[in-house]
Amino acid sequence: MSVELISVLIAVVAVGVTLAGVILTGQRAIRTELAEQRRESGERFTALEQQIAELRERMAHLEGLLDGLREAITIRQGAA
């Protein structure tokens, strides 16, 4: 093998190793960002579920008040 061929092969291997390093670093960064997005989405979804549960309870309370009001009006009209 000539010196020129060996130097070309070394250069090709060096470029390949460098590209592999860049690719792996990029993939690691993407994985980290995706994990962060998943965590944030889970937190938002949990908060949304909690808010919906609170609204459901408040609506049930209002429904109970309206039922009581309806009964009170009905009783008054029946008594009159």
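This is a predicted model: local features need pLDDT of at least 70, side-chain atom pairs count only at pLDDT 80 or more; totals for chains, interfaces and linings use all residues.
The protein contains 1 helix and 0 strands. The helix, α1, spans residues 3-79. The C-alpha atoms occupy a box of roughly 115 × 10 × 10 Å along the principal axes. The radius of gyration is 34 Å, whereas a compact globule of 80 residues would have a value near 12 Å. The separation of two residues illustrates this form: serine 2 and alanine 72 are 70 residues apart along the chain, and their C-alpha atoms lie 104 Å from each other. Alanine 72 is itself part of helix α1 and is partly exposed, with a relative accessible area of 34%.

Buried residues account for 0% of the 80 residues in the protein. The accessible surface amounts to about 7,500 Å², and carbon and sulfur atoms contribute 65% of this area. The protein carries 9 positive and 11 negative charges, the mean positions of which are 1 Å apart.

A search of the whole structure identified 3 salt bridges. Glutamate 36 is classed as partly exposed because its relative accessibility is 33%, between the limits of 20% and 50%. Arginine 39 is partly exposed at 40%, as is glutamate 43 at 45%.

A further salt bridge joins the side chains of aspartate 67 and arginine 70, at 2.9 Å from N to O. Both residues belong to helix α1 and are 3 residues apart, about one turn of the helix. Aspartate 67 is partly exposed, with a relative accessible area of 31%, whereas arginine 70 is exposed, with a value of 53%.

A nonpolar patch on the surface is formed by Met1, Leu5, Ile6, Leu9 and Ile10, which together present about 520 Å² of accessible area. Isoleucine 10, a member of this patch, lies in helix α1. Isoleucine 10 has a relative accessible area of 54% and therefore counts as exposed, the threshold being over 50%.

Technical notes. Residues are numbered from 1 along each chain as its sequence is written. Side-chain values use heavy atoms; hydrogens and water are left out. Patches are made of residues with over 30% relative accessible area and no salt bridge: like charges are joined within 9 Å, nonpolar side chains (Val, Leu, Ile, Met, Phe, Trp, Tyr) within 5 Å. Accessible areas come from the Shrake-Rupley method with a 1.4 Å probe; for residues, only the protein chains shown count as cover. A salt bridge is a side-chain nitrogen of Lys or Arg within 4 Å of a carboxyl oxygen of Asp or Glu. Helices (H or I, at least four residues) and strands (E, at least two) are DSSP runs, numbered from the N terminus. Buried means under 20% relative accessible area, exposed over 50%, partly exposed in between (1.4 Å probe, protein chains only). The radius of gyration is taken over C-alpha atoms; the globule rule is 2.2 Å times the number of residues to the power 0.38. Lys and Arg count as positive and Asp and Glu as negative; His and the chain ends are not counted. The place of a charge is taken as NZ of Lys, CZ of Arg, CG of Asp or CD of Glu.
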